[in-house]
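Reader: I'm new to looking at protein models. Could you walk me through this one with a few questions and answers?

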Amino acid sequence: MDREFIVNNLIAGVYTHNDKYFKKFTDNWTENYVNVELIYNIKKGKINQNMERLRHKFLQSNKRYWLFMDDDILFPNNQVIEVAMENMKRNDLALCTVYQTTDYELAHKVNPSNLSFEFITWSAGYFMLVDSNQVGLLPFDLHLPTTLGSMSDIEYCMNIIVNDGLLGIAPTMIYHADEGSSPKVNKPFDLKNADQMELNNNINKFFKDLDPKLMQNNPQIELVFLDNGKIDYNETVGGHYLKHKYPDIYHEVVARHHYNIVHTNKKDNFTFTK
């Protein structure tokens with residue numbers, strides 16, 4: 001795809017609450033996309049609030065294509081956005097994302113022919129290329145009950161789906177530090193072999209502290225456990241909220257496999273460019 005099309009039709013942006021990755025990100029952007037319009041704003045706020053602020057900034061630009069990004073990603077080359085845009089246009093997508101890896105070497109050396117375009121049900125917020133002609137008026141949900149506004153990306157994707165938009169992932173890759181604020185789960189919690197007294201104490205404490213409004217008038221709430229046996233508050237209340245808001249598609253959307261993360265750099269799984 002011609003770079004001139006990207007320059008004339010796309011605006012990209014990051015809205016973050018700190019400047020931790022500012023220099024790394026802007027140096028990398030300058031190296032690969034110096035002539036593409038970029039908004040980089042730092043403002044205290046929840047994730048959903050800052051995503052909505054960025055959407056309003058995009059609206060003012062009058063450009064058709066918007067690229068929402070996390071501040072902790074890096075582009076391994078200057079063709080990532082081009083590949084995403086080509087796949088967006090070819091498949092008439094409302095939103096297109098790309099693959100990610102936390103392996104810096106892999107991001108720079110993997111051969112893209114190992115990746116494939118796929119239709120997906122939701123995209124994480126690190127790279128969301130949006131066609132504003134299709135979904136530009138859809139807001140990010142400012143009523144999410146998660147403490148830091150997490151799950152705003154999956155809610156946004158569900159909103160696109162119920163408004164008849166298509167989502168896809170393009171066969172290209174970015175590096176993503178992915179440190180984030182959400183707790184990392186190394187392995188599923190072994191509910192069967194857990195200490196039942198400790199488990200019951202955790203459950204009782206969770207419901208004792210829980211605001212009844214977050215039950216959404218539905219006591220059948222699915223608890224999400226961290227690998228240490230504690231209940232993941234945000235995944236539990238956020239998931240329950242989304243299940244209530246999107247009852248017809250929730251289970252179909254969240255059941256998708258982990259399409260986007262490439263962890264390995266083993267040469268028997270990937271070929272590498274020289």
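Reader: Does Gln 216 count as buried or exposed, and what is its relative accessibility?

Author: Keep in mind that we're looking at a predicted model. Gln 216 sits in the loop between α8 and α9. The cut-off for buried is under 20% relative accessible area. Gln 216 falls below that cut-off, so this residue counts as buried, at 16%.

Reader: What is the phi of Gln 216 near?

Author: Most residues other than glycine have a negative phi. Gln 216 isn't a glycine, yet its phi is positive, near 55°.

Reader: And Met 151: where is it found, and what is its phi near?

Author: Met 151 is in the loop between α6 and α7. With 12% relative accessibility, Met 151 counts as buried. Its phi is positive too, in a residue other than glycine, and the value is near 75°.

Reader: How many disulfides does a search of the whole structure find?

Author: A disulfide is a covalent bond between the sulfur atoms of two cysteines. To count here, the two sulfurs must be within 2.5 Å. For Cys 96, the nearest cysteine sulfur is that of Cys 157, 11 Å away, and Cys 96 is in no disulfide. Searching the whole structure gives a count of 0.

Reader: What is the relative accessibility of Cys 157?

Author: Cys 157 is in no disulfide either, its nearest cysteine sulfur being that of Cys 96. Cys 157 counts as buried, and its relative accessibility is 0%.

Reader: Which kind of aromatic pair do Phe 22 and Tyr 40 form?

Author: Look at the angle between the ring planes: over 60 degrees counts as edge-to-face. The centres of Phe 22 and Tyr 40 are 4.9 Å apart and the planes stand at 85°, so the pair is edge-to-face.

Reader: Which parts does that pair of Phe 22 and Tyr 40 tie together?

Author: The two residues are 18 apart in sequence, so their pair links separate parts of the chain. Phe 22 is partly exposed at 37%, whereas Tyr 40 is buried at 14%. Phe 22 belongs to one part and Tyr 40 to the other: helix α2 and strand β2.

Reader: Which residues do ring pairs link into a cluster with Tyr 40?

Author: Phe 25 also pairs with Tyr 40, in a tilted arrangement with 5.6 Å between centres and 55° between planes. Phe 25 is buried, at 2%. Along with Tyr 40, the cluster holds Phe 22, Phe 25, Trp 29, Tyr 33, Phe 75 and Phe 127.

Reader: How many residues are in the largest nonpolar core?

Author: In soluble globular proteins, nonpolar side chains tend to be buried together. Phe 127 is one of the core members that touch the most others. Its contacts include Leu 67, Phe 75, Ile 81 and Cys 96. The largest core has 65 residues.

Reader: How many residues are in the other core, which lies apart from the largest one?

Author: Among its members are Phe 206, Leu 210, Ile 231 and Val 237. The count for this core is 9.

Reader: Which residue caps the N-terminal end of α9?

Author: Helix α9 covers residues 233-245 and reaches 18 Å, close to what's expected. Its buried residues, including Val 237 and Tyr 241, are covered by parts that include α7, α8 and α10. At the N-terminal end, a side-chain oxygen lies 3.3 Å from the backbone nitrogen of Asn 234, and the capping residue is Asp 232.

Notes: Residues numbered from 1 in each chain as written. Predicted model: local features only at pLDDT ≥ 70, side-chain atom pairs only at ≥ 80, totals over all residues. Heavy atoms only, no water. Buried < 20%, exposed > 50% of the residue type's maximum accessible area, 1.4 Å probe, protein only. Phe/Tyr/Trp six-rings, centres within 6.5 Å; stacked < 30°, edge-to-face > 60°. Helix = DSSP H or I, 4+ residues; strand = E, 2+ residues; numbered from the N terminus. Core = buried A, V, L, I, M, F, W, Y, C linked by side-chain atoms within 4.5 Å. Contact = heavy atoms within 4.5 Å. Expected span 1.5 Å × (residues − 1). Polar contact = N/O pair within 3.5 Å; in protein donor to acceptor, adjacent residues only side chain to side chain. Lists of a residue's contacts leave out its neighbours within four places in sequence.
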